[in-house]
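Please examine the sequence and the structure before reading each solution.

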Amino acid sequence: MSNEKRLISALRGAAHQIPPMWLMRQAGRYLPEYRELRAKAKSFLDFCYTPAMAAEVTLQPIRRFHFDAAILFSDILVIPDAMGQRVSFESGEGPRLDPIETSEAVDRLGAFDAEKLSPVFETIDRVKSALPPDVAFIGFCGAPWTVASYMIAGKGTPDQAPARLFAFKRRAAFQKLVDRLVEASADYLMRQIDAGVEAVQIFDSWAGILPANEFEAWSAKPIERIVATLKEKRPGVPVIAFVRGADAHLPGLTRRLGADGYGLDTALDPKWAVAETAPSVCLQGNLDPLALLAGGEALDREVDAILAAFAGRPHIFNLGHGILPQTPIEHVERLISRVRAEK
Ligand code: CP3
């Protein structure tokens, strides 16, 4: 028997009868213990940069639910912060950054200062020695397109129109920004790996809004470059690409990005994804967070359909997007018993 952690072996192509599971945003506001600690932090970024606190919230969902993986508690916007762009989080309103509105503003960004993120690496060091031996540890970053979309708009928007427009109007400057994010993200992920994470996930939450040419230039290509760097410099560390809204691009992405696992969002039909991708490719997902919020029979039905669709495949059970803050704990417990067949 191999003592490889279940999540890692799934990413290497093993089909488990009971899939390993974790939930995107599993450390978060639906947990009372998270809300309690969060109230003690001055700001969300302080929370992320205080290793004792960030390590504690990384471990909270593991203690409560014994998921198969912990995900580092941090945020995708620490990269712009480490490039000198001002980043803050307004409670209830999401991120606020000084928006990048001109080509000159791209040139004014500082070099990626990994030192500034040393608390994140210290958090990793603390978590790795506290994790149960069967629980894998996932690091992450945002994909260049998604991170750039917040850097340009300076906040969340319904459709990332400011970044899409910037990319059309100031192509060379946008390419420069994406190139810098490719480099910073690869560097940041390698440092997370060196500090102790065992797999990494790249979140491209806004990929699905791009037309085909733009998707290729700003989502697929930059992720491919990051994965290629990781595969060359940190071989053996599995990479999960969560290209939200990849839709019909998914089969092509699984053939070329070079990742080990692919996250499916809520809207993708798992049966289609299974039929259209090579059987060795590990797929992750894709329960609708609203089914988890609803609970009851609707939840059971959706969970069963997902388990049936991925049966016999390397599969990691997850949501199709982050868990909603209003989600009742009992629904998460019901989900876990259903997946683990503790009937
Ligand atoms: O998954 C985890 O438990 C690990 C931690 C994690 C957070 N953000 C903590 C967080 C991860 C992996 C992220 C990723 C992230 N951050 C993404 C990609 C995934 C996705 O959800 O699409 C994006 C786009 C961001 C940027 C971001 N951070 C936004 C838009 C917001 C505000 C919206 C919101 O959910 O509140 C955040 C804040 C944030 N990041 C919170 C948490 C727990 C909530 C803030 C708080 O607790 O005060």
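**Exercise 1.** How many bridges join strand E6 to strand E7, and do the two run parallel or antiparallel?

*Solution.* The model is a predicted one. Begin with the two strands: E6 covers residues 239-243 and E7 covers residues 261-263. They are joined by 3 bridges and run parallel. Within this pairing, Phe242 lies opposite Gly263 of E7.

**Exercise 2.** Determine how helices H8 and H9 are oriented to each other, and identify the residues in contact.

*Solution.* Two packed helices are described by the angle between their axes and the distance between the axes. For H8 (residues 144-153) and H9 (residues 161-169), the angle is about 95° and the axes are 8 Å apart. Angles of 65 to 115 degrees count as roughly perpendicular, and H8 and H9 are therefore roughly perpendicular to each other. From H8, the residues Trp145, Ser149, Ile152 and Ala153 meet Pro162, Ala163, Arg164 and Phe166 of H9. The residues of this contact comprise 6 nonpolar, 1 polar and 1 charged.

**Exercise 3.** Is H8 mostly covered or mostly exposed, and what follows the helix?

*Solution.* Count the buried residues: 10 of the 10 in H8 are buried, and the helix is mostly covered. Among them are Thr146, Tyr150 and Met151. After H8 comes Gly154, with a positive phi near 80°.

Methods: Residues are numbered from 1 along each chain as its sequence is written. This is a predicted model: local features need pLDDT of at least 70, side-chain atom pairs count only at pLDDT 80 or more; totals for chains, interfaces and linings use all residues. Side-chain values use heavy atoms; hydrogens and water are left out. Two strands pair if DSSP finds at least two bridges between them. Helices (H or I, at least four residues) and strands (E, at least two) are DSSP runs, numbered from the N terminus. Axes are lines fitted to C-alpha atoms, for helices over the stretch in contact, and angles run from 0 to 180 degrees between N-to-C directions. Angles under 35 degrees count as roughly parallel, over 145 as roughly antiparallel, 65 to 115 as roughly perpendicular and the rest as oblique. Contact means heavy atoms within 4.5 Å. Ala, Val, Leu, Ile, Met, Phe, Trp, Tyr, Cys and Pro count as nonpolar, Asp, Glu, Lys and Arg as charged, and the others, Gly among them, as polar. Buried means under 20% relative accessible area, exposed over 50%, partly exposed in between (1.4 Å probe, protein chains only).
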